[in-house]
Amino acid sequence: MRRRPVLIALAAAGAGTVLGGCGTAAPGADLPPGTRDGGHLVFATDREPTCLDPHNSGDMPQTYIARQYLDSLVSMKVDGSVVPWLAESWEISEDGLLYDFTLKPGVFFTDGDPLTAEAVVANFTHIMDPKTQSSTALLYLSPYFVSATALSELVVRVELKRPYSPLLQVLAQAFFGIESPRSMARGLSENCEGPVGTGPFIITEWKRNQEVVMVRNENYNSAPADALHQGPAYVESLTWRFLKDNTARFGALQSGKVHAIFNLPPESVPAATADDKITTDDFIHSCIPFAFDLNTTHPALADIRVRRALVHAADAEGIVRSAYAGVFPYEGNAISTGTPFYDPAYSLPYPYDEQTANALLDDAGWTGRDEEGYRTKDGQRLSLRLPYNSDPGETPPADQTILQNFQAMQKRVGVEIQLLPKDSASLTAIRRDPLAFDIRAGYWNSPTAGVMYIKFSQETYELDNGQNVSYAFDAELDEILLDAAATTDPDLQQRLYSQAQDLLTAQAWHIPLYPIQTRLAIRSDLVSDIWIEPSEGEPVLHDAYLNREGL
Amino acid sequence: MTTLAPPLPEVEKPAAPPLRTARSSRSPLRHLGVALPGAVVGAVVLAALAPGLLAPQDPLEISLSESFAPPSAEHLFGTDQSGRDVFSRVIHGARQSLLIGLGATAIGLLGAMVLGLAGGLGGRLADGAVTRVIEILYAFPGILLALILIAVYGNSALTQMVAVGLATMPGYARMVRSQVLVVRRSAYVEAARTLGHPPARILLRTLLPNAFRPLTVLITLGVGQAVVWAAALGFLGMGVQPPTAEWGAMLNAGRHYIQQAWWMDFFPGVTIVLFTLSLTVLGRRLQQSTDAGALR
Amino acid sequence: MNVVLIRRILTTIASAALLLWAVATIVFFLQHLVPGDPAMAILGGASANPPEETLQAIRDQYGFEDPLLVQYGAFLTGLVQLDLGESYTMKQPVTAIVSEQILPTLQLTGAALAIAWALAITLTLLTAGRRGWLGRLGAGIEVVFAALPHFWLGVVLLVVFAVVLQWLPVVDDGPLGLVLPALTLGIPLGGFLAQVTRDEFDVALRQPFVLSALSRGARTADVRFRQVLRHAALPGIALSGWGLGSLISGAVVVEVIFSRQGIGQVLVAAVNAQDLPLVIGVTFVVALVYVIANILSDAASVLVDPRLRHTIGATS
């Protein structure tokens, strides 16, 4: 669920863009025609996770890869409905507080242990354990979770302290992938290197900064109900390569060195469209869009007039259009169009309006001007610090452009934005210290509109783990969102979530920019049936097969 | 970054005759050969001193509706991804680049003088120590030392300047040292000594000017090199940060859009090449005339 | 005679060791000037939220709170055993990373050096010592080549040959992918070497042995190639060790442009992430390569010019 770019400190992205790998021969060329079975699939992505166990931390790249070796309890479909996966069936109590999951029988982890109710319980315990250092899965559960218990060999009961209607969608994410208890017991650092699940692939090696190598799980019998086929994956082995540099990644696809890439760079879209061997697949995440979060502990940003002035002055729509060359849509609402219960009424809440911005700032008392033309109040310049990751892998060129455009737009109304490039370690420290920054950029992916609660609630504020970036909450908003989570009545949910969007828009705690997308580019002449699942936009490679004659 | 580095001399230079086919130099072509690079360097210096005179627009002013505009009468070098005028940015970038180039050269020279004089005048022990220091500095080739300093002190124009200065220092130091050694044993100094001039006067009046004369050439070449190194750091995203106009940083930003907006990279690049090339040509000319002068 | 040789070799090794020790010491102390908490650099991740106790455990594990001299001692002890510590971000021994990444860089620099020499020799043979436009053209080409910055030349070559003409791949880890990066690195160095060899060539052409060879009836081309070039190449060869160093520095930029695997790429990422053990490791290894290359180029000079056999040990 989580953010990527700007502020984000991926220390481990380490030494970048290494074009790893060896094999140059067209993979699968020597395989018999007429079968989908076999071959070696190479998938390239931009960012490398710091840990392959998605229970730890909670960064998007972890889910994308974890989907290939971990199964979840349930699977989510594009319409938001949920279908069986490791859980064959489930029952929800009347009051919505008890969930009884019945597991598929005869499923084994790839270390040989059977999938049991106890094993699932161990997973919940692992996620909730502070030692696991979860910053995403934990946030989904902690407001609601009471316990998980094994009722029998194959039945798990999850007990909640208050109703949580999106729970099933939440559990569909790879962040909640089920791991072998033996694997988790090895401790965080070892488990990070190669967690063991029941999934279609098995990790054999993680060459840092280069690739993760996986082989097919020959005994795979637990594909989700919405998979294109049951049984083991078609391809025999899988290389998950990290090509941080945009040009390199797209170049590798063009030359056929890789079969598909994650995150087609916006600047390469024209070239991809022109190439008839390449097809693209876009998916708009359910999320809080990539946005500037305004830290309300700063006295100026505590003033709602200043926050609204910043939004009016930003021309967020123009900023996004210029930086993403029209490839990414602008999103002004607190949540993206891909999010359930999205209300289009708030899609363009604060149109670009320099006059209104100036009037609001005057009104807020920032009437003085210093020699450089910036506004002042009591001799203090209206100056805001915006730290961002200087590593181009973490802050891609288009996001850099967004930062610069934002700075230039705010200058027009006399607000100084200090762009502060930082290394990853400094950013990790800044994230924990509200006094160390005034604005941060980031996003939060989540399959439910409940993500608004995760990001803007008193509960997250008090957890003090840097996820409530605005350091702001509102009792009314909290109540609305908890009520929405408590009901399963879609009409009521829509009404409540619309109210929440209204409130968040009015508060202007953040300046939304664009929705996060999973953007795949695929060599459709070489490979078929790669699809994107909708809970986190994870690419699914279990059904993928290499094209060869006779099919 | 370029290999235009100065460490060659050691080999046997100081008095090598100017090969460049003596002085058939009165042809108009020769004049053009000085005037053209002179004009380029002059323009860059002017741009650095008074960018407002040449730049039609504010280098930081964005225009979101005009991004990626190709070169035209209105935008001579086109616009970048934020609709900023590339021509104005190249003009304004001259100050940053030149400042860092000159600052780095000054730092490099200052350090080199201290090292070179200590080595050339200080006796065997000091000379041995200086030779070692120079060797150690050499063991961090090119921008390597600069990268370490940036890893330690972070990105800034000052780090960039010091880092490039340190990187150029060993080349200069070697030159100064050998030059001091040559001049020290030369007839001038012998003569001054036999005339009974005090050592301080010999040092200031005779030794220093003679030892540093060949350096003027190196400085001309060195500034160009320092500018290129600074731009290389900017290109790696380790110098002045955007949106500040700096040639290397502009090249870095333009690299990502090279397929759709070649002008973002082409013009800053050509400017750097023309500028360093001009300095090289001028430096070589200067070298020929000083060599010729020294022979008389 | 042999005693002299052995002593010379020993002196060379000793001074190389001294040099490497100095380099290591400098980078070690530079590393400890860094503000900020290295434990954060180790544990920080995109969504990391390390609790204080974990941070403290890391500080204890790495000995960040030991006295500086103790840490220096541990560092030197490790160094002697070729242990350069563990990368903060890649969680692997630095030695392993560097030894894996140095190969592609050496391939690249080796190819570039070959291109540079081929260029220098061709330019010299064709145009050096000639009057008129040919000589001037050659000299002009060299000056322009030498002035081309890698970062610009690389981008231009990439756009022209990979993007527009599509003759060569944009990225490729095979031999085809080596062409453009090696040209990018080799052309400026070639220009520079050519300037040096041309100067020497011109001087050599005026030497008496040329005249005597010609008067003995030797063919001009033969004399140019066999004797003059041999003479002219000397300073260039002596500079090749330095040239290799400059190529490694240039490889940093070239590897970034062409997204090539290698030590330069690693270095840039390590600097970005403030992964200091890796920065130090790479620096140290580059210094090592530089020292070795210089010893080799000295040896090569001796091979080409036997006169040097008696002096080289003394000058370096």
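User: Let me start with a helix in chain A: which residues in H9(A) are buried?

Analyst: Happy to walk through that one. This is a predicted model, and the idea is to count neighbours: a residue is buried if 20 or more other C-beta atoms lie within 10 Å of its own. In H9(A), the buried residues are A:Val306, A:Arg307, A:Arg308, A:Ala309, A:Leu310, A:Val311, A:His312, A:Ala313 and A:Ala314. Nine of the eleven residues in this helix, which covers 304–314, are buried, so it is largely enclosed by the rest of the structure.

User: What do the buried residues of H9(A) pack against?

Analyst: Their partners in chain A are both strands and helices: strands E13 (287–294) and E20 (510–514), together with helices H10 (316–323), H11 (354–363) and H12 (397–412). Look also at the residue just after H9(A): A:Asp315 has a positive phi of about 50 degrees.

User: Stepping back, how many helices and strands does chain A have?

Analyst: Chain A has 17 helices and 25 strands. To judge how such a chain is packed, set its radius of gyration beside the globule rule. For chain A the radius is 24 Å, close to the 24 Å the rule gives for 551 residues, so the chain is as compact as a globular protein of that length. Its C-alpha trace spans about 75 × 55 × 40 Å along the principal axes, and 62% of its 551 residues are buried. Taking contacts between residues at least 6 apart in sequence, 73% join residues at least 24 apart.

User: Now chain B. At what angle do H3(B) and H4(B) cross?

Analyst: For a helix pair, read the distance between axes, the angle and the hand, then the residues that meet. The axes of H3(B) (residues 86–121) and H4(B) (residues 123–138) come within 7 Å and cross at roughly 145 degrees, and the crossing is left-handed. From H3(B), B:Leu115, B:Ala118 and B:Gly119 meet B:Ala126, B:Asp127, B:Val130, B:Thr131, B:Val133 and B:Ile134 of H4(B). By type, the contact has six nonpolar residues, two polar and one charged.

User: Is B:Ser65 buried or exposed?

Analyst: B:Ser65 counts as exposed because it has 10 C-beta neighbours inside 10 Å, where exposed requires 12 or fewer. This serine lies in the loop between H2 (51–54) and H3 of chain B.

User: How many residues does each chain bring to the contact of chain C with chain B?

Analyst: Chain C brings 51 residues and chain B brings 43. An interface can then be split by element and by residue type. On the chain C side, H10(C) supplies the largest share, 13 residues. Helices with at least two residues there include H1 (2–31), H8 (176–205) and H12 (276–304). This side of chain C divides into 40 nonpolar, eight polar and three charged residues.

User: And what is chain C itself made of?

Analyst: Chain C has 13 helices and zero strands. Its C-alpha atoms fill a box of roughly 85 × 60 × 30 Å along the principal axes, and 48% of its 316 residues count as buried.

Key:
Residues numbered from 1 in each chain as written. Chains lettered and ligands numbered in written order. Predicted model: local features only at pLDDT ≥ 70, side-chain atom pairs only at ≥ 80, totals over all residues. Contact = placed C-beta atoms within 7 Å. Helix = DSSP H or I, 4+ residues; strand = E, 2+ residues; numbered from the N terminus. Nonpolar A, V, L, I, M, F, W, Y, C, P; charged D, E, K, R; others polar. Rg over C-alpha atoms; globule rule 2.2 N^0.38 Å. Axes fitted to C-alpha atoms, helices over the stretch in contact; angles between N-to-C directions. Left-handed = near helix turned anticlockwise from the far one by under 90°.
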